[in-house]
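Please have the sequence and the three-dimensional view open side by side.

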Amino acid sequence: MKTLNKITRLGGGPVTLQPGERIDQLYAQNVQIIQSPEVFSFSLDAVLLANFPRIPKRGKIVDLCAGNGAVGLFIAGKTQGAIEMIELQERLADMAQRSVALNHLEDQITVHQLNLKDSLQVIPSDSVDLLLCNPPYFKDLPTNSKNPNPHLAIARHEIHASLEDVVKVSSQLLKMNGRFAMVHRPERFLEILQVMQDYRIAPKRAQFVYPKAGKDANILLIEGIKDGKTDGFKVAPPLITYGSDGTYTPAIKELLYGRQ
């Protein structure tokens, strides 16, 4: 029988940790999240995505490819709107649900464990004000080596859903003038622009994130509007992750730890 750790919430009952799991905290948002390196741990990508678009004060928000719930949890304090998480992997969806309980957000956040292509079974079409997505970045090609850990392979490679699937479903869920925000890889930028336009999402803003000054970008943030006008596209100022001394730049420190 597996040994379980129980963490008692402030003002609530216990939340159970599975073996190998830990609780981490994003201090800037005062959010605790259950993580496991054996299954999934959120990265800077999730923090960047949660801080990229303007978060509506009300309405419906969807966190697609939610993983352990990081993005949805990070934006919860910025809105009174309902947040729906869609995550394929049962273990990750369970971790997300327990993190929701750990942060006392059961009345605001709902976790659905299903393939994103089945999202319309639980969320009506044309109903979402903001959809955020941190999808698998890499195409499922025979030449691409995959992590032997199936949890990590599914999270990183388009095994169960392609970029086109993500954008198609997002467009179906979004209401007219609803906004779409995604974090991805710069090398797929042109493909992303094309697929967004194919599914009626007008690209409106992009930002490139660089590991260090003088290095190529390694993260892309992009935002679009369903049925929006095709003009007015903007590129935000570059964001650099590490300074010359190897520590986080002030902009990244603020995202992770809040204003000091």
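In which strand is the place of T16? T16 lies in β2, which covers residues 14-17. Strands here are DSSP runs of E of at least two residues, helices are runs of H or I of at least four, and both are numbered from the N terminus. T16 is partly exposed, with a relative accessible area of 24%; buried means under 20%, exposed over 50%, and partly exposed in between, using a 1.4 Å probe and the protein chains only.

The model is predicted, so local features need pLDDT of at least 70 and side-chain atom pairs count only at pLDDT 80 or more, while totals for chains, interfaces and linings use all residues. Residues are numbered from 1 along each chain as its sequence is written, and side-chain values use heavy atoms, with hydrogens and water left out.

The protein chain as a whole contains seven helices and 13 strands. Of its 260 residues, 50% are buried. The chain exposes about 12700 Å², and carbon and sulfur atoms supply 51% of that area; accessible areas come from the Shrake-Rupley method with a 1.4 Å probe, and for residues only the protein chains shown count as cover. Contact means heavy atoms within 4.5 Å. Among contacts between residues at least 6 apart in sequence, 66% join residues at least 24 apart.

Next come the cores. In soluble globular proteins, nonpolar side chains tend to be buried together. A nonpolar core is a set of buried Ala, Val, Leu, Ile, Met, Phe, Trp, Tyr and Cys residues joined through side-chain atoms within 4.5 Å. The largest one in this model has 49 residues, and those with the most contacts inside it are F42, V47, L48, L73, F74, M85 and I109. Helix α3 (residues 90-102) gives the most to this core, contributing seven residues. Leaving aside residues up to four places away in sequence, F42 touches I33, Q35, V47, N68, A70 and F74. A second, separate core of 29 residues includes A161, V167, L173 and L193.

The loop between α3 and β7 (109-113) holds N103. Is N103 buried or exposed? N103 is buried, because its relative accessible area is 16%. Residues up to four places away in sequence aside, N103 touches N30, V31, Q32 and L73. The C-alpha atoms of N103 and L73 are 8.4 Å apart, although the two residues are 30 apart in sequence. H104 lies in the loop between α3 and β7 as well, and is partly exposed at 40% relative accessible area.

Backbone angles deserve a look here. Most residues other than glycine have a negative phi, and most peptide bonds are trans. H104 has a positive phi of about 60° although it is not a glycine. D126, also not a glycine, has a positive phi of about 55°; D126 sits in the loop between β7 and β8 (128-133) and is partly exposed, with a relative accessible area of 48%. R200, which follows α6, has a positive phi near 65°.

Two packed helices are described by the angle between their axes and the distance between the axes. The axes of α5 and α6 come within 9 Å and cross at roughly 35°; axes are lines fitted to C-alpha atoms, for helices over the stretch in contact, and angles run from 0 to 180 degrees between N-to-C directions. L163, E164 and V167 of α5 meet E191, I192, V195 and M196 of α6 in this contact.

In α5 (163-173), the buried residues are L163, V166, V167, V169, S170, S171 and L173. In α6 (residues 189-198), F189, I192, L193, V195 and M196 are buried. Cover for the buried residues of α6 includes α5, β9 (174-184), β10 (201-210) and β11 (219-226). Strand β9 is also the place of H184, which counts as buried at 1% relative accessibility. Apart from residues up to four places away in sequence, H184 touches P135, P136, Y137, L163, I192, I219 and L220.
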